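Q: I am new to this structure and would like a close look at a single part of it. Please describe how the two chains meet, and what lies behind the contact side of the first one.

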Amino acid sequence: MGDAFAHLTDDPIDFRALIASVQGREDGAIVTFAGVVRDHSEGKSVESIHYDAYRSMAEKELAAIVSELGRELPEVRVAVIHRLGRLVVGEASIAIACASPHRAEAFTACREVIERVKKRVPIWKKERTPEGEEWVGWQGGG
Amino acid sequence: MQIRLLLFAVLREVVGSDQKPLELEEGTTAAEVWERLRREHPRLAAYDTPPMVAVNQEYADPATPLRPGDELAFIPPVSGG
């Protein structure tokens, strides 16, 4: 594997560039995943989401996840990019591309990357609803 | 010894700052810094689940003693993706 393609960006995600970064002539499958801002959350309507990160650590964790998958599924090449800042409904917050000679490993890798990102990469979202803005995941401190 | 405390997301808003230098006794742990932060900011009293801890950009055991110059961050439950 070459350098891990694992980035944060403040701009809209360029899916073509992401796919191009993993695709090789030996690949028969490219699986992509996009996480997008939806218009509701737990019964409330969502207008936009602001993503904040511990940037230096988040980039390290993203790169670590890509490296882990490189060891676990050596035939798959993985790229991941997470967008930060304010995103409106329908915009992609994260994109993952996994290329492999065969589809099964590419699907597995793609699923693993998003699950690991959600578990441990230090990124936080703040949802804007008609009632105001609130950080997700750690309420109770009011 | 001096360390640098970084604050993110809800913690940054509660404390009103994204980082602060802290003067600590040798051997102070991240868990002790969290207790100090909770005493200084009553709003944090309600956050009784201690957050995850990162030292120098890696997840760390809250009981590990800090060293001079460390970059300490409390990591509220993450919600990226």
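A: What follows describes the interface of chain A and chain B, and then a pair of helices in chain A. The model is a predicted one.

The extent of the interface comes first. On the side of chain A, 30 residues are in contact with 27 residues of chain B. Together the two chains bury about 2,400 Å² between them, and carbon and sulfur atoms account for 59% of that area. Three residues, A:Y54, A:W124 and A:W138, supply 36% of the area that chain A buries against chain B, which is more than any other three residues supply.

Next come the polar and charged links. Between chain A and chain B, 13 residue pairs are in polar contact, counting pairs with both residues at pLDDT 80 or more. Two salt bridges are found across the interface. In a salt bridge between the chains, the side chain of A:D52 meets that of B:R12, at 3.0 Å from N to O.

Several elements of chain A build its contact side. The largest share, five residues, comes from α3(A). By class, the residues of this side of chain A divide into 14 nonpolar, eight polar and eight charged.

Both of these helices of chain A also meet each other. The axes of α2(A) and α3(A) come within 10 Å and cross at roughly 145°, and the crossing is right-handed. From α2(A), the residues A:E61, A:L62, A:A64, A:I65, A:E68, A:L69 and A:E72 take part, and they meet A:A109, A:E112, A:V113, A:R116, A:V117 and A:R120 of α3(A). This contact has seven nonpolar and six charged residues, and no polar ones.

Among the charged residues there, A:R116 and A:E72 form a salt bridge, with their closest N and O atoms 2.8 Å apart. This pair links distant parts of the chain, since A:R116 lies in helix α3 and A:E72 in helix α2 of chain A, 44 residues apart. Over all chains, a search of the whole structure finds 19 salt bridges.

Notes:
Residues numbered from 1 in each chain as written. Chains lettered and ligands numbered in written order. Predicted model: local features only at pLDDT ≥ 70, side-chain atom pairs only at ≥ 80, totals over all residues. Heavy atoms only, no water. Contact = heavy atoms within 4.5 Å. Buried area = accessible area lost by both parts, 1.4 Å probe. Salt bridge = Lys/Arg side-chain N within 4 Å of Asp/Glu carboxyl O. Polar contact = N/O pair within 3.5 Å; in protein donor to acceptor, adjacent residues only side chain to side chain. Helix = DSSP H or I, 4+ residues; strand = E, 2+ residues; numbered from the N terminus. Nonpolar A, V, L, I, M, F, W, Y, C, P; charged D, E, K, R; others polar. Axes fitted to C-alpha atoms, helices over the stretch in contact; angles between N-to-C directions. Left-handed = near helix turned anticlockwise from the far one by under 90°.
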